[in-house]
Amino acid sequence: MDAMVPVEDGEVWAHDSGAPHGRAGDGLPLVLLHPGVGDSRIWDPVLPRLTERHRVIRYDARGYGRSPAPTAPYSLADDLVAVLDHFGAARAVLAGSSMGGATAISLALRDPARVAGLALVVPGVTGAEELVSRKFTAEVGRLAEAGDIDGIVALVLRTSAAAASGDDPEAEAHIRAVIPAWFANHPHLVPDPPAFDRLGELDVPCVLVLGERDQPEVVRTNEIMADRIPGCRLVRLAHSDHFPTLREPAAVADAVLEAYGAAR
């Protein structure tokens with residue numbers, strides 16, 4: 001079921017798969033949160049295995065995919081709460097990739113009663129200054145000022161999609177589709193509070209998936225995150241960069257289902 005979900009001063013597109021055929025509908029929903037380098041379609045390669053067992057909710061953050069761009073200040077964690085409330089999900093297992101992982105962590109710290117488990121896929125986290133290299137940020141800014149969208153796409157492919165050999169049309173399509181959201185969202189996004197130094201407060205089953213071909217800053221930060229989160233199991237994917245759902249979808253699905261199975 002598709003829906004346009006009201007959020008403060010806006011709306012986001014969401015989809016609820018409903019309970020799997022032949023299964024009771026009272027299980028915990030699984031909510032998928034996409035990265036900044038793709039919209040909710042980034043989960044398509046793993047979705048069939050997830051929906052055959054569980055009710056799965058996914059949505060496009062503001063400005064991404066089928067969601068309108070923001071016109072007022074907003075918080076990613078606040079929007080997640082609005083989506084959960086819209087679908088009557090008092091508690092859920094959250095699977096978040098990159099930006100979506102940061103949002104999942106933010107809610108787990110802010111309102112732990114609503115989060116039953118975490119599957120973090122090459123996750124971001126607020127408050128980690130070394131997560132993105134200053135050189136990368138500066139280069140994106142320079143290319144943006146020049147209006148060089150092709151240059152930004154090429155940069156992200158070199159740095160975040162390094163696991164590909166040769167042309168990478170699938171990753172390129174995801175990147176190219178979301179760049180307008182980066183520019184539209186930046187003036188309105190209110191960052192959620194810093195979470196990096198609070199990871200030890202998390203008290204929820206957690207699996208963290210790391211892509212060994214990802215940017216070195218992301219790899220190091222993900223290793224620290226897994227070490228700081230109590231009881232977190234670290235899964236290393238040797239053939240993945242910042243697009244594990246494209247590179248090793250079966251392994252990502254395994255990790256998400258493991259986190260769901262450990263949820264409490």
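## Nonpolar cores

The largest nonpolar core holds 42 residues. A nonpolar core here is a set of buried Ala, Val, Leu, Ile, Met, Phe, Trp, Tyr and Cys residues joined through side-chain atoms within 4.5 Å. Buried means under 20% relative accessible area, exposed over 50%, and partly exposed in between (1.4 Å probe, protein chains only). Val31, Leu94, Ile105 and Leu118 have the most contacts inside this core. Helix H3 (residues 99–110) gives the largest share of the core, five residues. A second, separate core has 40 residues, among them Val56, Ala119, Val209 and Ala255.

Val31 has a list of partners beyond four places in sequence: Ile57, Tyr59, Leu80, Leu84, Ala92, Val93, Leu94 and Ala95. Contact means heavy atoms within 4.5 Å.

## Basis of the model

The model is predicted: local features need pLDDT of at least 70, side-chain atom pairs count only at pLDDT 80 or more, and totals for chains, interfaces and linings use all residues. Residues are numbered from 1 along each chain as its sequence is written, and side-chain values use heavy atoms, with hydrogens and water left out.

## Overall fold

The protein chain has nine helices and eight strands. These are DSSP runs numbered from the N terminus: helices are H or I with at least four residues, strands E with at least two. The radius of gyration is 17 Å, close to the 18 Å that the globule rule gives for 264 residues, so the chain is as compact as a globular protein of that length. The radius is taken over C-alpha atoms, and the rule is 2.2 Å times the number of residues to the power 0.38.

Along its principal axes the C-alpha trace spans about 55 × 40 × 35 Å. Of the 264 residues, 54% count as buried. Among contacts with a separation of 6 or more, 75% join residues 24 or more positions apart.

## Surface

The chain exposes about 11400 Å², and carbon and sulfur atoms supply 53% of that area. Areas come from the Shrake-Rupley method with a 1.4 Å probe; for residues, only the protein chains shown count as cover.

## Positive phi angles

Most residues other than glycine have a negative phi. Asp9 has a positive value, near 60 degrees. Asp9 sits in the loop between strand E1 (2–7) and strand E2 (10–16). Its relative accessibility is 47%, so Asp9 counts as partly exposed.

Ser98 also has a positive phi, near 55 degrees. Ser98 lies in the loop between strand E5 (92–97) and H3. Ser98 is buried, with a relative accessible area of 13%.
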